[in-house]
Amino acid sequence: MPTYRPPHIAPSDITPESVYLSRREWMQGAAGFGAGLLLPQAFGADAALPTFYKSRYSTSEAPNSLREVSSYNNFYEFGTDKSDPAETAASLRTEPWTVDVAGEVGRPRKFDLASLMKLAALEERIYRLRCVEGWSMVIPWVGIPLAALLKQVEPNSRGKYVEFTTLLAPEQMPGQKQRTLDWPYVEGLRIDEAMHPLTILAVGLYGKPLPKQNGAPVRLVVPWKYGFKSIKSIVKIRLLEQQPTSSWTRANPGEYGFYSNVNPEVDHPRWSQATERRIGEFSKRKTLMFNGYGDEVASLYKGMDLRRFF
Ligand code: MTE
């Protein structure tokens, strides 16, 4: 991946989250009786997400603004500059869309978006995202636990890994005409990582359907791993017996391993991973082991040498 360059976002542009936050606080207050955690869709006329709930897994850190989250992106199918996806992803057709789930499962199935959103209550999950390039953001996703989908297809005992594949459509995704990666984009998780309650399929952010540049209509979010594991615009999920090879590992196995857990103690061969720059801030902060989600996920890697399994 190219080296880190600060985003071209003026401080004056960074305002929408204050609007969002005051609205959210208002809604939390308004939902004080009854379920208490219900968040209505209240972000404008074009909002199309069903009702969603606040998750107990959210960080209390302030989210980056919608503008930051949707204008500073990595989505190589739409170019390699951070500003490319916001400028060119309009050509992606997200309707109709199906996610084909098969492999080592008892009940293979194709999900359309509506059936996917019915598998579990939608939750807002405010997560930190730490990119391998050295920057980070806080993003208010809306999604469902991936486990809810996997349980539906009944993985069998040979299903030890999960492979995810992005849409292959060069006429919609001009970056796929360049040989930057071996298309389509592929990622993988171990089954216990995939079933972990922190792992979600996101269908929205900031209370609305995902912007195309963020991986519409459905993308993975694995908050304790480097951002590239969070594969966008997923059309295929396969349960496998063997560990799949992800696109970045295929492109450069010495630099990108299968696990890719955020780890300030293991440098990328070309740069340190000890610190990160939160988009919108000037000074750097220390990167936390497992991106700060160690209490929840460290046990998954007990006894593993994380320098070897990077
Ligand atoms: N998924 C696909 N299909 N193609 C990509 O280029 N980039 C990854 C990941 N998912 C990428 C992808 C990287 S490097 C990061 S950091 C995150 O998406 C960025 O997600 P965001 O743009 O929503 O912040």
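Student: How much of the contacts with a separation of 6 or more comes from residues 24 or more positions apart?
Tutor: Those residues account for 71% of such contacts in the protein, a contact being heavy atoms within 4.5 Å. Keep in mind that this is a predicted model, where local features need pLDDT of at least 70, side-chain atom pairs count only at pLDDT 80 or more, and totals for chains, interfaces and linings use all residues. Residues are numbered from 1 along each chain as its sequence is written, and side-chain values use heavy atoms, with hydrogens and water left out.

Student: OK, what's the mean pLDDT of the protein?
Tutor: The mean is 89, and 85% of the residues reach 70 or more; pLDDT is the predictor's confidence in each residue, from 0 to 100.

Student: And where does pLDDT stay under 50?
Tutor: Over residues 2–45, for which the model has 64 contacts beyond four places in sequence.

Student: Switching topic, how many residues does the protein have, and what share is buried?
Tutor: There are 310 residues, and 54% of them count as buried, meaning under 20% relative accessible area with a 1.4 Å probe, protein chains only.

Student: Now the ligand: which residues come nearest?
Tutor: Asn-73, Tyr-76, Glu-77, Ser-230 and Lys-232, out of 17 residues around the ligand, where being near takes a heavy atom within 4 Å.

Student: Which atom of Tyr-76 is 2.7 Å from a ligand oxygen?
Tutor: A polar backbone atom. Arg-219 instead has a polar side-chain atom 2.9 Å from an oxygen atom of the ligand.

Student: How much of the ligand does the protein bury?
Tutor: Taken alone the ligand exposes 530 Å², and the protein buries 100% of that, using Shrake-Rupley areas with a 1.4 Å probe.

How values were computed
Buried means under 20% relative accessible area, exposed over 50%, partly exposed in between (1.4 Å probe, protein chains only). A polar contact is a pair of N or O atoms within 3.5 Å; within protein, one must be able to donate a hydrogen and the other to accept it, and residues adjacent in sequence count only if both atoms are side-chain atoms.
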